[in-house]
Amino acid sequence: MDNKTALMNEKIVSIYENIYNNELDWKRSLDDKFSSRLTLLVAITTASFVIFTTVFFPDSDNLECIQYNKQILCKILSLLSVTLLLCLCCSFYKCFFRAKKNYKVMPTVDIRMFHFYIHKNNLCGTKDEQDLYNYLNDSYQFCAYTNANINSKRESALIIFDNIASISFVLLIVTYVLMVRFGYSISWIF
């Protein structure tokens, strides 16, 4: 193997190594969003539970003064918020648990052993070294593209989560305002 080919192989491996490392950085960036999204999920779950319980299991004194059509509207909005909550949970799971287990990691132990073998036996510039670069190239390329695909799916799930969370939050506020105007009380919480 000539010097020009070896240099080209090193550059190709370096390019795929950079892509692989960028995908790992993207993975860490997505992982760092876990705590904020979990807090948001817990807040929306709590608010949905309070509104659902208040609408479907109101105090008997409170229920008599609320008109039937207003009760139906609040129940529909409450059921809609619970449905959005289920979608929110699914997208949270997809982003932070489901796809995360499929990441590929470079086989560094194999690469080090092969690299050590080449240098120990003075096989630099031979077909064995070319095989090492081909293996490195294929491994980095496979891991980088697999991880990019997973990161893309996780990012899509995160965008869906954020959109549904925004809609849910607005819906919960609207439902709460209507509940208060219609005469529902959440004093049972306190």
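Guide: Axes are lines fitted to C-alpha atoms, for helices over the stretch in contact, and angles run from 0 to 180 degrees between N-to-C directions. Helices are DSSP runs of H or I with at least four residues, numbered from the N terminus. The model is predicted: local features need pLDDT of at least 70, side-chain atom pairs count only at pLDDT 80 or more, and totals for chains, interfaces and linings use all residues. Residues are numbered from 1 along each chain as its sequence is written, and side-chain values use heavy atoms, with hydrogens and water left out.

Helix α2 (residues 34-56) packs with α4 at an angle of about 160 degrees, and their axes are 10 Å apart. This makes α2 roughly antiparallel to α4, a term for angles over 145 degrees.

Where the helices are in contact (heavy atoms within 4.5 Å), residues of α2 including Phe34, Leu41 and Phe52 meet residues of α4, among them Leu85, Phe92 and Phe97. By class, this contact of α2 with α4 has 17 nonpolar, four polar and two charged residues; Ala, Val, Leu, Ile, Met, Phe, Trp, Tyr, Cys and Pro count as nonpolar, Asp, Glu, Lys and Arg as charged, and the others, Gly among them, as polar.

Aromatic rings of Phe, Tyr and Trp (its six-membered ring) pair if their centres lie within 6.5 Å, and planes over 60 degrees apart count as edge-to-face. Phe34 and Phe97 form such an edge-to-face pair, 5.9 Å centre to centre with 90 degrees between the planes. Phe34 lies in α2 and Phe97 in α4, so the pair ties together parts that are 63 residues apart in sequence.

Technical notes
Helices (H or I, at least four residues) and strands (E, at least two) are DSSP runs, numbered from the N terminus. Angles under 35 degrees count as roughly parallel, over 145 as roughly antiparallel, 65 to 115 as roughly perpendicular and the rest as oblique. Rings of Phe, Tyr and Trp (its six-membered ring) pair if their centres lie within 6.5 Å; planes under 30 degrees apart count as stacked, over 60 as edge-to-face and the rest as tilted.
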